[in-house]
Structure formats: structure tokens, C-alpha cells
Amino acid sequence: MPLPHNRRVTRSTSRPVLIAPSLLAADFTRLAEEVAAIESAGADWLHLDIMDGHFVPNISFGPAIVKALRPLTRMPFDVHLMIAPADPYLAAFAEAGADLISLHPEAGPHLHRSLQTIRGLGKKTGVVLNPGTPVESIAHVLDLVDLILVMTVNPGFGGQSFLESQLPKMATLRRMIDESGRDIRLQIDGGVTARTAPLCLEAGADVLVAGTAVFGAPDRAAAIRAIRGGQGA
Ligand code: DX5
Ligand code: ZN
């Protein structure tokens with residue numbers, strides 16, 4: 001859908017928009033510099049994609065990298081687990097320095113218990129909905145959730161195209177969150193760019209993950225501004 005870059009965005013939530021660049025798109029030979037660069041470019045959180053070659057068809061990195069990066073930045077660490085089972089590794093990611101740990105309902109048989117475990121480790125919780133996963137799968141765990149992540153690609157790889165079919169799901173979740181009266185953030189991950197970000201914000205999102213669109217940009221500060229506000233780039 002063509003969308004002019006200077007289009008005014010009508011947001012359905014007044015919370016500030018947070019930008020969480022995904023480290024998956026960084027230059028892995030220069031991780032420390034890459035993290036410093038996006039922090040000074042205005043990133044709010046660092047999104048860390050953990051892939052096991054089993055839950056998703058790709059392998060990324062584990063808690064040792066999270067731990068190594070932790071002292072290098074003040075950005076909160078937003079750890080997106082694409083691993084199954086997830087439960088045996090929750091403590092390792094908490095100890096490595098995760099501030100928020102997100103997992104997919106399909107990663108284990110007891111989502112409620114996994115969320116309790118993350119809370120018990122003193123961390124914020126997130127649940128992630130794959131493109132084919134319905135919102136009903138999390139309706140009964142909202143009391144244990146700090147963030148809901150809507151995947152706008154099938155997880156496993158950066159640089160894929162944004163699935164506009166997920167926009168109605170965002171709007172449904174925004175209504176569900178508002179009706180619950182709970183302090184839950186609505187995050188979007190996959191194919192987020194200056195063109196697709198306004199669609200997410202209009203549908204009620206308030207945290208945007210962006211890998212390629214930030215790390216692949218020559219001017220990361222301009223890229224972050226463009227995604228956050230819909231202006232520029
Ligand atoms: C996909 C990951 C995403 C990915 C986003 O499985 O969860 O975080 O890195 O990358 P882009 O922004 O390039 O689509
Ligand atoms: Zn992710």
C-alpha cells in the first residue's frame with residue numbers, strides 16, 4: 001500500500017513510541033560499536049533475537065552474548081526468545097541481563113507457568129503472536145503480561161516484508177489492552193520501516209522493533225526519527 005512519508009499519523013494511544021533496534025541486523029564483527037552507535041542515535045531499547053534452529057529455521061546467539069553486551073549500554077534489554085523449550089533457559093537470560101523476556105505460546109505447554117517464572121526472576125514478561133497465532137491464545141494470561149509482541153513476519157530472519165494482514169490483530173489487541181486497564185505495551189516486529197511504522201502506530205502499537213531499517217541505514221539517527229515519527233527518510 002503506497003503511503004506518503006509526510007502523512008499525519010493518528011495514534012490510538014498517547015504513550016510515547018519506543019524504538020527497539022534488533023541486533024540481528026548489526027555488523028557482528030563490531031557488536032560493541034554497533035550497540036553504542038544506536039544508543040547515541042536515540043534507540044530506546046535493544047532487541048535481542050534468540051533463535052535455536054528448532055523453533056525457527058535459523059540460529060543466532062545465546063546468553064553469553066547478552067551478558068557480554070550488558071555492561072556496554074544503559075538501554076533496557078528486550079530479549080525475544082524464539083526457542084523451544086524456553087523454560088530451561090529463562091534463568092540464564094535473566095542472569096545475563098535481560099530486562100524483559102518474551103516468548104511464544106507455542107514454545108511450551110504451560111505459557112502461564114513460563115510467565116510466572118519470568119516474573120519470579122524479577123523480569124518483565126512478553127508474549128509473542130506469530131502471524132498465524134490468534135489473539136485468543138493470550139486472553140487469559142493478561143494479568144501476567146507486560147508486553148504483547150505482534151510478529152509482522154514469520155520469525156527466523158531479518159529483512160522480510162511486512163505482513164499487512166496483521167494490522168487488524170494490532171487493533172484488536174489495542175482494544176483488549178485498553179479494556180483491561182492494564183499497563184501493557186504493544187510491540188511490532190518484522191519489516192518495520194518509515195513506511196510501515198505509521199500503519200502500526202495507527203493500529204495502536206507503542207513499541208517498534210526495526211532491524212534492517214535501522215542498522216542498514218547510513219544515518220541511524222535519521223532512521224530512528226523516521227520510524228518513530230513518520231517524518232524524514
Ligand atoms: C525476526 C526477528 C526480528 C528481526 C526484524 O525473527 O524477530 O526481530 O530481526 O528484522 P527486520 O526489521 O529487518 O524485519
Ligand atoms: Zn524479534
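This is a predicted model: local features need pLDDT of at least 70, side-chain atom pairs count only at pLDDT 80 or more; totals for chains, interfaces and linings use all residues.
Local features here require pLDDT of at least 70 and side-chain atom pairs pLDDT 80 or more, while totals for chains, interfaces and linings use all residues. Residues are numbered from 1 along each chain as its sequence is written, chains are lettered from A and ligands numbered from 1 in the order in which they are written, and side-chain values use heavy atoms, without hydrogens and water.

His47 (NE2), Asp49 (OD), His80 (ND1) and Asp189 (OD) coordinate the zinc ion at 2.0 to 2.3 Å. Donors are N, O and S atoms within 2.8 Å of the metal (3.2 Å for Na, K and Ca), and sites may look incomplete because water is not among the atoms. Six donor atoms surround the zinc ion (ligand 2), and their angles of 69 to 167° make the arrangement octahedral. That term asks of six donors that opposite ones be over 155 degrees apart and all others between 65 and 115. Ideal angles for six octahedral donors are 90 or 180 degrees.

Along the sequence, the donor residues follow the spacing H-x1-D-x30-H-x108-D. His80 in strand 3 and Asp189 in strand 7 (residues 185–189) lie 109 residues apart, so this pair links distant parts of the chain. Strands are DSSP runs of E with at least two residues, and helices are runs of H or I with at least four, both numbered from the N terminus. Asp49 sits in strand 2.

How accessible are these donors? Asp49 is buried at 4% relative accessibility, His80 is buried at 1%, and Asp189 is buried at 9%. Buried means under 20% relative accessible area, exposed over 50%, and partly exposed in between (1.4 Å probe, protein chains only).

Next comes the largest pocket, which holds about 310 Å³ of space. A pocket is an open set of points on a 1 Å grid over the protein atoms alone, where a 1.4 Å probe fits, with protein on both sides within 12 Å along at least five of seven lines; lining residues have an atom within 4 Å of a point. The volume is the space filled by probe spheres set on the points, which are joined across faces, edges and corners. Of the 25 lining residues, Phe157, Gly158, Gly159, Gly190 and Gly191 are the closest to the pocket's centre. Strand 2 (46–51), strand 3 (77–82), strand 8 (207–210) and helix 7 (212–215) each give two or more residues to the lining.

Records can be set beside this. In an unreviewed UniProt entry, a "binding site" annotation covers His47, Asp49, His80 and Asp189. These residues span 143 residues in sequence, yet no two of their C-alpha atoms are more than 10.5 Å apart, so they gather at one spot. Asp49, His80 and Asp189 from this set are in the lining of the largest pocket. UniProt positions use the numbering given here, with shortened feature names, and annotations may be inferred rather than shown by experiment. The "active site" annotation of the unreviewed entry covers Asp49 and Asp189. The pocket lining takes in both Asp49 and Asp189.

Away from these annotations, Ser14 is found in the segment before strand 1 (18–21). At 75% relative accessibility, Ser14 is exposed.

How values were computed: Four donors count as tetrahedral if all angles lie between 85 and 135 degrees; four count as square planar and six as octahedral if opposite donors are over 155 degrees apart and all others between 65 and 115; anything else is irregular.
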